[in-house]
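Let's take a friendly walk through this model together. Have the sequence and the 3D view open side by side as you read.

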Number of protein chains: 2
Amino acid sequence: MKTDTREHILACGGRIIHHKGFTATGLQEILKAADVPKGSFYFYFKSKEAFGLALVDHYQSLFAVQLRPILTDATRPPLQRLARFFLWFRDYFAQEGYIKGCPIGNLTQELGDTNPMFREKLNTALENLIRGVAKQLRQAQDRGELRRDLSPEEMSRFIISAWQGALIRMKAAAGSEPLDNFQTIVFEVLLA
Amino acid sequence: MKTDTREHILACGGRIIHHKGFTATGLQEILKAADVPKGSFYFYFKSKEAFGLALVDHYQSLFAVQLRPILTDATRPPLQRLARFFLWFRDYFAQEGYIKGCPIGNLTQELGDTNPMFREKLNTALENLIRGVAKQLRQAQDRGELRRDLSPEEMSRFIISAWQGALIRMKAAAGSEPLDNFQTIVFEVLLA
């Protein structure tokens, strides 16, 4: 029950912050969305900052649960798994109307410069993502399905940059072009 | 004189917003940084939103003045001009301590979803940037210095995504790795 309330506050507050940003979201909005009194919020999170930091873990777990089946699907080759990984997000954003972007990228942009605790936690989250992508690239090389003169880690770092930037451009374009462009250039040019 | 004061408020306010974000920056901070009374601010800008929109133009002009000599340098081939364009920003961020990121990208991330006027203005700014990069790629193709099976516009869109995302990752990494990675993969793999 306790865990449920905590998760409920994270899910409801996270939805608002994902859309409006951390600073622009007031505690009252989070309480109202979660329909909990202030005392309940402070029972689980000692401050709005602590809530924001917990949100980074929350999103990482959420994505891991959703995406692990795609990334470990042994019936498909690694590059196809990777393409499906990004297409899963593309479908998600299509449903949302091409808004919100990556909650990890958003918080990095908003708080990375000004809050060292956020910066470190978000850097770890991005490094985890980079490691996950690099693993697929390494497997593709081992199977002879990707040129071997590219460093999987370097390529993965670049792909995650391109992905984060595509999500920024998506907000400006208010459409699928940046995500389609990402998918085409990464899988038909860069890794082809 | 009037233009000077307006530019002065944009420069001073812009510096704070570039670092802290639009929502997190109060009008009082802008007035204090520019050392002008509230009446002076409202003489030039009818609201904080109008100030933010003017800031997009301000940054575009600023970058155009700084970067036009690099992008029109006829003594260098187009891909080298393009590499120097991004290296100019790399040097800028090195001086700043790898913080702040792209003012256009930041505002897009922060306000693109929630403010249609910002979204449209920022989309135009990003499209201008894309056009500028595509122009160099097209010239490189015309000179036989870039493979012709790539669409300059599509590649340019991807490169600007990768650049915006590298600047996001820069804030998390608090170092040059994302910018170095961008430079290496774009110019030694993607356009090589």
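**A walk from one helix to the next**

Start with Cys12(A), which sits in helix α1 of chain A, residues 2-20; helices (H or I, at least four residues) and strands (E, at least two) are DSSP runs numbered from the N terminus. Before going further, note that this is a predicted model, in which local features need pLDDT of at least 70 and side-chain atom pairs count only at pLDDT 80 or more, while totals for chains, interfaces and linings use all residues. Residues are numbered from 1 along each chain as its sequence is written, chains are lettered from A and ligands numbered from 1 in the order in which they are written, and side-chain values use heavy atoms, leaving out hydrogens and water.

Cys12(A) is buried, with a relative accessible area of 7% (buried means under 20%, exposed over 50% and partly exposed in between, with a 1.4 Å probe and protein chains only). Not counting residues up to four places away in sequence, Cys12(A) touches Ala33(A) and Ala34(A), where contact means heavy atoms within 4.5 Å.

Now turn to α5(A), residues 78-96, and α8(A), residues 152-173, which pack at an angle of about 10° with their axes 13 Å apart. Axes here are lines fitted to C-alpha atoms, for helices over the stretch in contact, and angles run from 0 to 180 degrees between N-to-C directions. The two helices α5(A) and α8(A) are therefore roughly parallel, a label for angles under 35 degrees. On the α5(A) side the contact is made by Phe86(A), Phe89(A) and Phe93(A), and α8(A) brings Ile159(A), Ile160(A), Trp163(A), Leu167(A) and Met170(A).

What surrounds α8(A)? Of its 22 residues, 19 are buried, so α8(A) is largely enclosed by the rest of the structure. After α8(A) comes Ala174(A), with a positive phi near 50°.

Leaving aside neighbours within four places in sequence, Phe86(A) is in contact with residues including Val133(A), Phe182(A), Gln183(A) and Phe187(A). Phe86(A) is also among the residues with the most contacts inside the largest nonpolar core, together with Leu191(A), Phe86(B) and Leu191(B); that core has 124 residues. Such a core is a set of buried Ala, Val, Leu, Ile, Met, Phe, Trp, Tyr and Cys residues joined through side-chain atoms within 4.5 Å.

Finally, in chain B, Tyr98(B) has a positive phi near 60° and is found in the loop between α5 and α6. At 16% relative accessibility, Tyr98(B) counts as buried.

Conventions: Parallel < 35°, antiparallel > 145°, perpendicular 65-115°, else oblique.
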